[in-house]
Amino acid sequence: METKLKSIFLNPQLRLAFKATLFLGFLILARLGGFSLISTTIFIAGAGVLYARPLFRTVEKLGDFLVLVFSAVVFNLVFIDSLDFFFSAVYYSLLFFLLVGVKDLILINRGFWSLVLNFGLAYPIFLIFFQGNFAGVWWKPLVLFLLTILLIKDALKKNGLAAPFSLLVTEVAWASSFLPIGFIGLANLNFLFYATTLSLLEANERGLLDRKKILSLLSVFTVLLLAILGLSGWSF
């Protein structure tokens, strides 16, 4: 048993999987505690220790971590079904796996996985904020703006773009919230706008943005936009 534990802590991939499993355990404990103040605090503290050790690049990816723990808690307060929790627990544990893997330089092709992590964190945020009224609740646009800033600062090197981009995402979210396509349709629509715009900015930072790239992204955006609008349940 002792030998097996040593092999886990010596192997970076196994250590990463072990941390993700512990994160899942803390999230399950929070659920069993009804996400009370005590159980939620234990979850956040446990996740924080797992994330921060070792301290290497802890501050650099702190924005993603804060969004992850916020989203994991709020999502399970909004969507309380047991099946929702099952899928969200697996989902957030995988995101934690990616976060720590990128932070600790364990995963190969970290630029790609960082973008996957960013998109993975963004989508449930849109689900959370479009569940119920968005435009009529004053704090929702504000919190969405702040969370988007945290995500963009971790995704782009030019932090000066974070506030303008976040403001644009929030304005599009507010305007689109009047469409009668249901909260899932709205979440899909806004995530598509977020992912496409961020992909354009990220490609431009890396010097890979050309006419072919722009046309490719816009073509995918148009096709998916039509699919979202066509498959959403319109209710006037």
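This is a predicted model: local features need pLDDT of at least 70, side-chain atom pairs count only at pLDDT 80 or more; totals for chains, interfaces and linings use all residues.
Residues count from 1 along each chain as its sequence is written, and side-chain values use heavy atoms, without hydrogens or water. Local features need pLDDT of at least 70 and side-chain atom pairs 80 or more, while totals for chains, interfaces and linings use all residues.

**Stop one: helix 3.** Select residues 37-52, a helix of 16 residues (helices are DSSP runs of H or I, at least four residues, numbered from the N terminus). Colour the buried ones (under 20% relative accessible area, 1.4 Å probe, protein chains only): among them are Ser39, Phe43, Gly46 and Tyr51. Now show helix 2 (12-32), helix 4 (62-78) and helix 5 (82-103), which are included in what covers those buried residues.

**Stop two: Ser177.** Jump to the loop between helix 8 (162-176) and helix 9 (182-205). Ser177 sits there, buried at 16% relative accessible area. A polar atom of the Ser177 side chain is 2.6 Å from the backbone oxygen of Trp174. Leaving out residues up to four places away in sequence, Ser177 touches Phe130, Phe134, Ala135 and Leu186 (heavy atoms within 4.5 Å).

**Stop three: the cavity.** What lines the largest cavity? Select Ala122, Ile125, Phe126, Leu144, Leu147, Thr148, Leu151 and Tyr194. Helix 6 (110-130) and helix 7 (139-155) each give two or more residues to that lining, and helix 7 has the largest share, with four. The volume is about 40 Å³. A cavity here is a set of points on a 1 Å grid over the protein atoms alone where a 1.4 Å probe fits but cannot get out, and lining residues have an atom within 4 Å of a point.

Methods. The expected span of a helix is 1.5 Å times one less than its number of residues. Buried means under 20% relative accessible area, exposed over 50%, partly exposed in between (1.4 Å probe, protein chains only). A polar contact is a pair of N or O atoms within 3.5 Å; within protein, one must be able to donate a hydrogen and the other to accept it, and residues adjacent in sequence count only if both atoms are side-chain atoms. On a 1 Å grid over the protein atoms alone, a cavity is a set of points where a 1.4 Å probe fits but cannot get out, and a pocket is an open set with protein on both sides within 12 Å along at least five of seven lines; lining residues have an atom within 4 Å of a point. Grid points are joined across faces, edges and corners, and a volume is the space filled by probe spheres set on the points.
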